[in-house]
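Please read this briefing alongside the sequence and the model. It takes up strand pairing, a helix pair and a pocket in turn.

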Amino acid sequence: MATGRWRRAASTAWRSLTVWAASTLTMLILAGLLPDFQLQSDSGDSGTRVATTAALGAGAFALLSALVWPLLVRALLLVPALVLGLGVFFLNGALLLFALHLVPDGRGEVSPETAVVVAAVMSAVASATGGSLAVRDDDAYRRRLYRLADRRSRRAGRVLPDAGPPAPGTVFIQLDGVGHEILLRAARDGTMPTVQGWLRDGVHRLTPWRTDWSSQTGASQLGILHGSNHDVPAFRWYEKDTGEIQVSNRPTSAAELQRRAIEHTGDGGLLTVDGASRGNLFSGGAEEVALVLSVAARRGKENRSRAGYFAYFCDPANAVRTALSFGAEVAREIGQSTRARLRRRRPRVGRGGLYPFIRAFATVVERDVVVAAVIGDLLAGRSAVYADLVAYDEVAHHSGPFGRDAEQVLARLDRSLALIEKVAEHAPRRYRIVVLSDHGQSPGETFQARYGLTLQDLVRAGCGLPVPRKARRTHSGAEARSAVRAALRRPVEEPAGRGRHHEPVVLASGNLGLVSFPDVRHRMSKEEIDARHPALLATLANHPGIGFLLVRSEEHGAVVLGARGAEVALADLADGHGPLADFGPGAADAVRRTDSFPHTADIMVNSWYDPVDGEVLAFEEQIGSHGGLGGAQGRPFLLSPVVLPPPTPDGGELVGAEQVHHVLRRWLRDGDGPQVPLENSLRQPPAVASFAAAPPRAPDESV
């Protein structure tokens, strides 16, 4: 026992000295390269004296980073998250300036702007050196993981039972927007080698499932985490009883939707038993939350979802690595969009303005913070974890779901899965890793690009209202955009369409459009719409970019309208017939379910769909879209370990997010026993978690 302790102490000392030596050498090299950085007096010093100054400066910088940095980051939680991320360089530079002031005789001098560069390079070198040593020393790596888990468990008052092995835990990783066919293709061609290995070795099974009509994260994740997505007709919709527009990725709307789901089911959610929710729209009833939108609007220090950034950015090496990757991703997006524009690729949407930074936030910052949170949960032995990685969805909206840009994001997400799998091997309990998606994406150009007008313009024309000469840009519904705005403490954008009270409110959710007349308090009937605007329904139904309409008839109930006067009662409509003929199995049932919702719009509009190419026409500025019926957007996947029971024991089709919820709940119940009652799960509000810093990444993960 004593020999082992001495060996561990010697190993730790050796790694510390090696990192110190690497930092010292880096400082010497930078001092020779940078004109505004010197480690000797004006009169000159011997090589030994210069090396000593570098060693002292590197040591002081390392100590300050370890002791002062966490305090600075905690204080800076009061500023927006993105500002914190971009300010990492300046904080590091300030620490280096102070460290050089501590060197005796004042031989270390550096200008403030050069200090930022030197500090960033030294942090990166120290992180890479320490990481490579830890990875090569398997025993040291394993001890570090267990030490982090024990520290977090003691901080949280968690004690895993000593008698016998604990029940297996389950971690659910949602790859936002990755369709079944996309995942299968990425596994087959080696883009995602981790997933490829799971399927090749037979340790996981891949099951497709079918979404509701509203094929988007708000409806799917609410159903998966809370067991009900009742009355969620789209990504955004107008509610006549309150006069409000609900937007799934707005914090206040997410909180309201979660409240309604809990009230509807009488249950707290999937994660009420020792669960953690990371990077999601909804909490799932978890006590531990980080970057969860439904709690982002709460006031009070303990409920700020942005505080989840602290545990990651308190490590200066993590902060610098993520900041460098953020910059590289911005440059990558600018290069890719410029190349697409020069090559005149079609379809194409605008990718300028703030979009490169929004993409970098989704593909780097949010990914790193969420993965680090999941790793901390594994090391703490938490029973159930659900995390959402939105990187692919954000890129596919603007670059297309099948493009090279999206493929590169899939490869980096696969490396995140590999890292989580590796950490799970060292966790204090066995874990089952389940990967799933909430929807897919269907390709196609925008409605506006093809026809030169937006859906709102078409509706106004059908109502006899003036149409602007220049079509207005339709707001994008990408989930990452709201996460950035929440991090910046900016209000979520109000969707277009709230004009005069008697004018229609027109909203877009991918290739699904909603038309509501706010001055009529009830859902208008077909007859009422025809009486007010005789040309509107015919204008919409006969437009080549429209697939079908759903309206309510006083005589026939709900009816589906198509081109050339097609009108079929929804109750009598079967798959493969009428206006829904091209939209595949389950389309009629999906439309019937949405028709039953209290807040279904007066007119529900689904775009044209090409069953041969799988293309749709998005009513938003997206060339990869989801939100309605048609193509791959409605066919996500569930990738589960074979040790778990099959999702559908009879081999039937898995339909709807609510059914997926029951599958996941059954798996958790099999491993951990029954869920706690609702009154217990809601007794305390969710708390923001502190999680362990991520272990070193693979060498190619930094960008």
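Two strands are said to pair if DSSP finds at least two bridges between them, and the elements themselves, helices (H or I, at least four residues) and strands (E, at least two), are DSSP runs numbered from the N terminus. The model is predicted, so that local features need pLDDT of at least 70 and side-chain atom pairs count only at pLDDT 80 or more, while totals for chains, interfaces and linings use all residues. Residues are numbered from 1 along each chain as its sequence is written, and side-chain values use heavy atoms, with hydrogens and water left out.

**Pairing of strand β4**

- Strand β4 (residues 204-210) pairs with strand β21 (residues 637-641) in the antiparallel sense over five bridges, and T207 has L638 of β21 as its bridge partner.
- β4 also pairs with strand β22 (residues 654-655), here in the parallel sense and over two bridges; the bridge partner of R210 in β22 is V655.

**The six-stranded sheet**

- Six strands, in the order β12-β13-β17-β14-β15-β16, form an open sheet with antiparallel pairing.
- Its edge strands, each pairing on one side only, are β12 (505-509) and β16 (567-569).
- Neighbouring strands of this sheet are turned against each other by 20° on average, direction ignored, where axes are lines fitted to C-alpha atoms, for helices over the stretch in contact, and angles run from 0 to 180 degrees between N-to-C directions.

**Helices α14 and α15**

- The axes of helix α14 (residues 355-380) and helix α15 (residues 391-399) come within 8 Å and cross at roughly 150°.
- That angle makes α14 roughly antiparallel to α15, since angles under 35 degrees count as roughly parallel, over 145 as roughly antiparallel, 65 to 115 as roughly perpendicular and the rest as oblique.

**The second largest pocket**

- A pocket is, on a 1 Å grid over the protein atoms alone, an open set of points where a 1.4 Å probe fits, with protein on both sides within 12 Å along at least five of seven lines, and its lining residues have an atom within 4 Å of a point.
- The second largest pocket is lined by 36 residues, and G630, G631, A632, G634 and R635 lie nearest its centre.
- α8 (180-188) and α22 (587-595) each supply at least two residues of this lining, and α8 gives the most to it, with four residues.
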